[in-house]
Amino acid sequence: MRILHLSDLHFGELLEVQQDKHKQISGHFFTKSSGLPDPSRLSDILRRDSMLKLRAPDLVVVSGDIGWSGSGVDYKYALEFLRNLKHIWKETKFVISPGNHDVNWELSEKGENPQAHFIKFLHEFFGENEFNSLYGLSFDQLRCASRRHELSSFIDLKENDLTPAVAVV
């Protein structure tokens, strides 16, 4: 089995206070001339990789810090990147796990689910049927969950079922 492990992608834009301090819009390594993240550059590098050309990975594991601040804009870039990979490697399965940067602290302060944007991203990437099958709950149930029911607590959300906190498709 061939596994491609990607971690700490940090797609998204820096918070305003960070932009002022670092004089840049994004903390991501691959950016456009505008300073915004460019998700196509990394997927192009992976597409051209000689080892991956010979044989696509059976599994892509994306572990932690997919976004920068858990905001909706973070996952716009991440979604484009992962859809590019899914298009290149049609038979490849994906495991996606959140990290501490996938928590939106502004939502948490409002008493809302701090991983709402991450959950929406998963729903958009996997699609309704696959998402419900993987997590055993509807998108609306997870999106509206209180902050004590964060994505990392999926196991607690399902009654007597050991559904994993990551998704394999």
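Reader: Why is Asp65 called buried?

Author: Buried means under 20% relative accessible area, exposed means over 50%, and partly exposed lies in between, with a 1.4 Å probe and protein chains only. Asp65 has 7% relative accessibility, and therefore it counts as buried. This is a predicted model, in which local features need pLDDT of at least 70 and side-chain atom pairs count only at pLDDT 80 or more, while totals for chains, interfaces and linings use all residues. Residues are numbered from 1 along each chain as its sequence is written, and side-chain values use heavy atoms, with hydrogens and water left out.

Reader: What makes His10 buried or exposed?

Author: His10 has a relative accessible area of 14%, so it is buried. His10 lies in the loop between E1 and helix H1 (16–22), and its phi, near 50°, is also positive in a residue other than glycine.

Reader: How do you know whether His123 is buried or exposed?

Author: The relative accessible area of His123 is 15%, and therefore His123 is buried. His123 is found in helix H6.

Reader: Why is H6 called oblique to H7?

Author: Helix H6 (residues 116–126) and helix H7 (residues 128–135) pack at an angle of about 120°, with their axes 6 Å apart. That angle makes H6 oblique to H7, since angles under 35 degrees count as roughly parallel, over 145 as roughly antiparallel, 65 to 115 as roughly perpendicular and the rest as oblique. Axes here are lines fitted to C-alpha atoms, for helices over the stretch in contact, and angles run from 0 to 180 degrees between N-to-C directions.

Reader: Which residues of H6 and H7 meet?

Author: Ile119, Leu122, His123 and Phe126 in H6 meet Glu128, Glu130, Phe131, Leu134 and Tyr135 in H7, contact being heavy atoms within 4.5 Å.

Reader: Which residues does Leu82 touch?

Author: Not counting residues up to four places away in sequence, Leu82 touches Val62, Phe94, Ile96, Phe121 and Phe125.

Terms used:
Helices (H or I, at least four residues) and strands (E, at least two) are DSSP runs, numbered from the N terminus.
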